[in-house]
Number of protein chains: 4
Amino acid sequence: MTYHSQNQEPLILVNFKTYSEATGKKAFDLARKIFETGTQTRVKVAVAPQFCDIMQIATGVGVPVFGQHVDSVDPGAYTGHVTAESLKAAGAIGTLLNHSECTIRLADIRKAIVRSRELGLLTVVCAGDVESTAAASMLMPDMVAIEPPELIGTGRAVSREKPEVITNSVKRIRAVNPTVKILCGAGITTGDDIYTALKLGAEGFLVASGVVRAPDPANVMTDFCEATNRFSKTLQ
Amino acid sequence: MTYHSQNQEPLILVNFKTYSEATGKKAFDLARKIFETGTQTRVKVAVAPQFCDIMQIATGVGVPVFGQHVDSVDPGAYTGHVTAESLKAAGAIGTLLNHSECTIRLADIRKAIVRSRELGLLTVVCAGDVESTAAASMLMPDMVAIEPPELIGTGRAVSREKPEVITNSVKRIRAVNPTVKILCGAGITTGDDIYTALKLGAEGFLVASGVVRAPDPANVMTDFCEATNRFSKTLQ
Amino acid sequence: MTYHSQNQEPLILVNFKTYSEATGKKAFDLARKIFETGTQTRVKVAVAPQFCDIMQIATGVGVPVFGQHVDSVDPGAYTGHVTAESLKAAGAIGTLLNHSECTIRLADIRKAIVRSRELGLLTVVCAGDVESTAAASMLMPDMVAIEPPELIGTGRAVSREKPEVITNSVKRIRAVNPTVKILCGAGITTGDDIYTALKLGAEGFLVASGVVRAPDPANVMTDFCEATNRFSKTLQ
Amino acid sequence: MTYHSQNQEPLILVNFKTYSEATGKKAFDLARKIFETGTQTRVKVAVAPQFCDIMQIATGVGVPVFGQHVDSVDPGAYTGHVTAESLKAAGAIGTLLNHSECTIRLADIRKAIVRSRELGLLTVVCAGDVESTAAASMLMPDMVAIEPPELIGTGRAVSREKPEVITNSVKRIRAVNPTVKILCGAGITTGDDIYTALKLGAEGFLVASGVVRAPDPANVMTDFCEATNRFSKTLQ
């Protein structure tokens with residue numbers, strides 16, 4: 001299973017943030033549910049749990065695991081930092097960078113991408129508007145994720161509320177980077193939101209509260225994955 | 001085994017930083033060696049590994065585990081942050097705060113102490129000079145650790161190079177906080193450094209490269225623990 | 001006119017923040033009104049305008065001027081930073097530090113206090129609760145200012161809403177630092193708020209929107225200054 | 001005199017950093033020397049002094065003035081911050097952003113560019129490598145400045161040591177942004193460094209210690225400006 005951008009297969013990446021519904025033992029259980037849904041529907045899924053939960057999920061569940069952030073420092077005397085080496089040793093296959101709740105300096109995005117690539121970790125750089133996402137794509141990450149911050153956690157899906165953000169990002173990014181995988185996110189709660197975004201050009205999704213805080217996360221994931229499959233069929 | 005400040009029993013807390021010698025599988029093995037040395041010499045030891053390694057060590061080794069840092073945010077939409085809840089769920093019993101390689105805002109030190117206490121996590125606030133350590137002790141952490149940054153990682157022990165930093169800190173801190181446990185660190189590489197610091201009033205140690213990067217960490221820890229026991233006997 | 005803490009004369013320090021009512025030419029005019037009110041009522045007043053406005057006010061008005069923040073770096077290759085040397089060269093006599101809108105690391109508070117003292121600049125360290133203010137007073141600034149962040153800008157005065165914050169701070173601070181001048185702030189909009197705070201033990205005030213955004217700032221300042229004089233008379 | 005990117009006329013922008021040779025009164029005198037050299041040689045020059053010195057230079061010298069940084073906040077309750085409004089009120093015509101000594105978050109670069117444009121302030125976004133500079137140019141600033149951090153302040157000129165950084169940046173940037181003005185910097189101390197960089201495709205310069213800390217800054221500026229004129233003649 002590869003997650004490189006050349007791969008056009010849609011990806012659904014669930015960000016656990018620091019939600020109590022997705023911490024410790026609950027993180028493990030949630031990751032297992034997400035993995036099972038992906039397996040059943042044959043849709044590519046991945047999770048981004050908190051640092052302390054990466055190893056138990058990578059080791060015990062089998063679902064691909066991403067970090068939520070990585071610091072742009074090498075191994076050494078850096079108390080309290082999270083290195084790419086540490087993520088990799090814990091079993092992560094990649095990491096988010098520059099999420100709107102954890103924005104970082106341009107120079108650090110670039111350094112973290114270079115370090116991650118050296119170690120074989122995938123990078124997903126998040127940004128909040130068309131220009132910033134296009135700029136992020138120039139730094140040569142494996143994926144970018146566009147999420148208008150004002151829609152995150154609202155249940156008002158980017159694909160319905162701001163479809164032009166997706167279409168413009170795709171246009172701007174493709175002009176400068178033909179291979180980066182383009183995810184989108186913010187407010188996505190139904191399969192229809194997913195289907196619409198795929199039609200607009202999105203190649204994957206970064207979702208969070210829509211799954212993590214749902215009364216029945218497995219149900220929502222199934223809805224998302226089936227919408228993905230519905231869309232894939234239209235391409236054949 | 002309690003680690004509260006009223007407890008006069010010396011503590012040796014080993015900070016793994018992000019050293020490659022103390023990441024992933026190597027973190028687990030090192031933690032086990034440190035735990036065994038503590039058990040054999042009956043000296044209280046603890047480790048502060050990277051976030052990703054806390055759970056495997058807390059679960060698999062049995063040694064008390066501290067985080068290297070904690071963010072002062074509650075559970076919720078805080079991608080990339082480390083909550084006290086997450087540390088606790090992973091099995092940590094406490095956390096470092098404000099290490100010179102991970103300094104934080106005064107307001108965040110205070111918030112993190114309050115949050116940690118609510119969850120039953122111990123706090124060790126680090127500072128680099130007498131005034132800052134005394135100030136830190138006013139924020140009511142369980143422990144403070146004074147480490148002159150210019151000596152960290154040098155092998156030139158604070159107890160030899162700047163004994164007055166220890167004696168003055170103890171004096172200033174005790175005038176305003178009778179119970180906080182006072183650790184010291186920076187440059188400590190031999191049992192003699194430990195013995196001298198205990199005579200000067202230190203009640204425990206925050207060590208890092210002196211153990212982690214030593215050719216034989218178990219050997220160094222044994223040296224440290226035996227020095228601690230030698231000092232304890234002089235008190236009886 | 002000295003502003004040292006031994007001086008028991010109350011001080012009213014007006015923080016201009018980045019309000020448009022207190023930027024550029026308007027900053028100059030406001031500073032002049034505040035200075036005139038102080039002169040007329042013989043109450044000590046000072047202003048803390050934005051960096052770009054310090055020199056014109058220090059040179060052209062005559063009112064004592066404070067910076068709103070200073071970085072803890074020496075002169076040199078530090079693009080975008082504000083040094084104590086720069087504040088002094090512009091005519092400032094001191095600076096705020098660690099305002100709740102510009103919180104800084106414990107280590108940087110300490111460094112900035114030391115640097116400022118070397119240059120003869122006064123320091124006012126802000127903090128938001130009793131413990132943090134007491135901790136700040138251990139770092140040996142000239143003044144501390146306690147401002148519960150939840151009351152800043154609300155018009156609900158700390159002296160009415162949370163009088164115990166003032167009395168407890170005074171008690172805690174005086175136990176460890178007999179000379180630091182104790183300011184308070186947050187929500188202060190009337191002379192009565194001022195009078196009450198002085199009775200509770202405050203020795204001065206850090207005010208902002210209550211003056212800057214008032215329809216008639218000179219009027220409010222006169223109210224504040226007269227309340228100060230009313231209180232001073234009760235001491236004779 | 002316009003500084004827009006369409007304008008191919010080379011610009012020499014002198015960053016005063018927080019050098020003591022360029023603080024307060026000395027900042028004023030240095031700015032005057034730089035302005036006179038520019039006037040005599042008919043080369044476009046500008047200065048980026050510390051915040052506290054902007055107004056005196058903008059008002060008293062006549063040379064175009066840039067800030068060294070601007071915060072991405074609106075006017076309001078933001079103690080200690082520097083707004084675009086404040087820079088403009090002080091007389092600045094633009095600002096540096098993301099200098100390697102004052103790096104900022106990708107999201108803040110974007111916000112600061114948008115805010116500055118609304119107020120008519122020019123933006124110069126600095127970056128340290130080809131990819132980051134190309135990314136910065138996607139955010140639609142007026143100028144970008146590429147400065148390899150390892151050469152800053154060394155006297156080893158980017159145009160001699162890393163000519164490919166300039167040529168590759170120009171190529172990458174022009175592919176995505178036809179109008180942004182491309183400055184370069186780091187280690188530039190002689191007119192020959194300037195001449196070479198112009199031949200490589202640079203359209204202007206961000207210089208600092210090479211001028212500010214020179215025994216005779218006017219002499220160095222004359223050398224720089226004459227090299228610029230020499231190059232311009234080759235184009236006619």
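In the predicted model, strand E5 (residues 122-127) and strand E6 (residues 143-146) of chain C pair in the parallel sense over 4 bridges. Strands (E, at least two residues) and helices (H or I, at least four) are DSSP runs numbered from the N terminus, and two strands pair if DSSP finds at least two bridges between them. Within this pair, Ala127(C) stands opposite Ile146(C) of E6(C). Both strands belong to an open sheet of 8 strands in chain C, ordered E2-E1-E8-E7-E6-E5-E4-E3 with parallel pairing. Strand E2 (44-48) and strand E3 (66-67) of chain C each have a single partner strand and stand at the edges, so one side of each is left without a neighbour in the sheet.

Because this is a predicted model, local features need pLDDT of at least 70 and side-chain atom pairs count only at pLDDT 80 or more, whereas totals for chains, interfaces and linings use all residues. Residues are numbered from 1 along each chain as its sequence is written, while chains are lettered from A and ligands numbered from 1 in the order in which they are written.

In chain D, the buried residues of helix H8 (residues 191-200) are Asp193(D), Ile194(D), Thr196(D), Ala197(D) and Leu198(D). A residue is buried if 20 or more other C-beta atoms, placed from the backbone, lie within 10 Å of its own, exposed if 12 or fewer, and partly exposed in between. The buried residues of H8(D) pack against elements of chain D that include helix H7 (163-176) and strand E7 (181-185). H8(D) is followed by Gly201(D), whose phi is positive, near 120 degrees.

The largest nonpolar core has 342 residues, and Leu183(A), Leu183(B), Leu183(C) and Leu183(D) have the most contacts inside it. Such a core is a set of buried Ala, Val, Leu, Ile, Met, Phe, Trp, Tyr and Cys residues joined through C-beta atoms within 7 Å.

The contact between chains A and B takes 35 residues from chain A and 35 residues from chain B; two residues are in contact if their C-beta atoms, placed from the backbone, lie within 7 Å. Helix H2 (51-60) and helix H3 (84-90) of chain A each supply at least two residues of the side that touches chain B. No contact joins chain A and chain C, whose closest C-alpha atoms lie 15 Å apart.

Chain D can be laid on chain C with an RMSD of 0.0 Å by a turn of 180 degrees and a shift of 0.0 Å along the axis, which is the relation of a two-fold axis. The superposition is by least squares on the C-alpha atoms of residues with pLDDT of at least 70 in both copies.
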